[in-house]
Amino acid sequence: MIPQEQGQHLVDTVEKMMMGGMYDHLRGGIHRYATDAGWVVPHFEKMLYDQSGLLRVLAKVTPFYPSPLLYDGILQTIDYLANEIVCEENYFMAAQDADSEGHEGLYFTYSKEEFIDALKDSEEEVGAYDPQWEKWFRITEKGNFEQGLNVISLDPVFKDTFYAPEGWEKVRKIRQALMHVRKQRIPPATDPKGVASWNFMLLSALCDVIQYCRVAPIAQSAIELLNRVNEGVAKSFLRTESSGRQVFRHTNTTNDVPICLEDFVSFADCQLRMHEVTGSAVFLTNAKETMVFIKREFFHDGTPMMV
């Protein structure tokens, strides 16, 4: 256990991050980083390794801080990964760009007029328009981004209001109405390459959700995604050299490229995590054999080599 003060600092930090603009409130997933001190305006690119980090943090915080903001964050992000980042070969693609139509953030942001129109067009689902929602989502005429556009975020000042059961249900419906509008826009491009270590990190993150998340439907969604991609990830990155040695390669690298320690460490970690959540001895054997490989290939006379 950690001291209460440190635990509260952790909760406050995660909550502020999830209310801010780094988190994609409409689709799930986290953008690369914030460009302002208030964590409202992000660099809009989405990297796969950041999604794994997000899931691991949220999964481990929710047992002692069961907030709907965090639980929705897990479920939205898993849905985002399953529907936008898993490719036909069933591995996770590397990233999504920040810009569309030549402008960064255009796909993700709204003018005040666009925000109001989207919700008024969805009054049957959302209810009669309430100007208070502009304050909840920090929407202004001036905007908090470029050219009068607003990054969607939640203002912690009003969290007692929108954290109430009826308030949070309204947040969900508003997000859905805004997402309906966003689906009609031209999305950013997705980088289709597969990076071995990043995929293994994501598998470990799904194991964390399965182990720590106490909401059964969310844990089940992680199980389903893990089962869907596990074989595809192995087939996409594990290659057998002419010597018989099995190594990991990214989908866009050739056999003459040196192997990377990060790939093997990340694989060993994910195999240990999968053993812990499934009890299967196969995963434990994989982890042990990988550690033997690391010692043989990346150490010389007990000294780590630069790779």
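Axes are lines fitted to C-alpha atoms, for helices over the stretch in contact, and angles run from 0 to 180 degrees between N-to-C directions. Helices are DSSP runs (H or I, at least four residues), numbered from the N terminus. The model is predicted: local features need pLDDT of at least 70, side-chain atom pairs count only at pLDDT 80 or more, and totals for chains, interfaces and linings use all residues. Residues are numbered from 1 along each chain as its sequence is written, and side-chain values use heavy atoms, with hydrogens and water left out.

**α3 with α8**

- Helix α3 covers residues 68–85 and helix α8 residues 165–182; their axes come within 11 Å and cross at roughly 30 degrees.
- That angle makes α3 roughly parallel to α8 (under 35 degrees).
- The crossing of α3 past α8 is right-handed (the near helix is turned clockwise from the far one by less than a right angle).
- Pro68, Leu69, Asp72 and Gln76 of α3 meet Trp168, Arg172 and Arg175 of α8 (contact means heavy atoms within 4.5 Å).
- These contact residues split into three nonpolar, one polar and three charged (nonpolar: Ala, Val, Leu, Ile, Met, Phe, Trp, Tyr, Cys and Pro; charged: Asp, Glu, Lys and Arg; polar: the others, Gly among them).

**α2 with α3**

- Helix α2 (residues 48–61) packs on α3 at about 150 degrees, with the axes 9 Å apart.
- That makes α2 roughly antiparallel to α3 (over 145 degrees).
- On the α2 side, the contact includes Leu48, Gln51 and Leu54; on the α3 side, Leu70, Gly73 and Ile74 are among the residues.
- The contact holds twelve nonpolar, three polar and no charged residues.

Notes
Helix = DSSP H or I, 4+ residues; strand = E, 2+ residues; numbered from the N terminus. Parallel < 35°, antiparallel > 145°, perpendicular 65-115°, else oblique.
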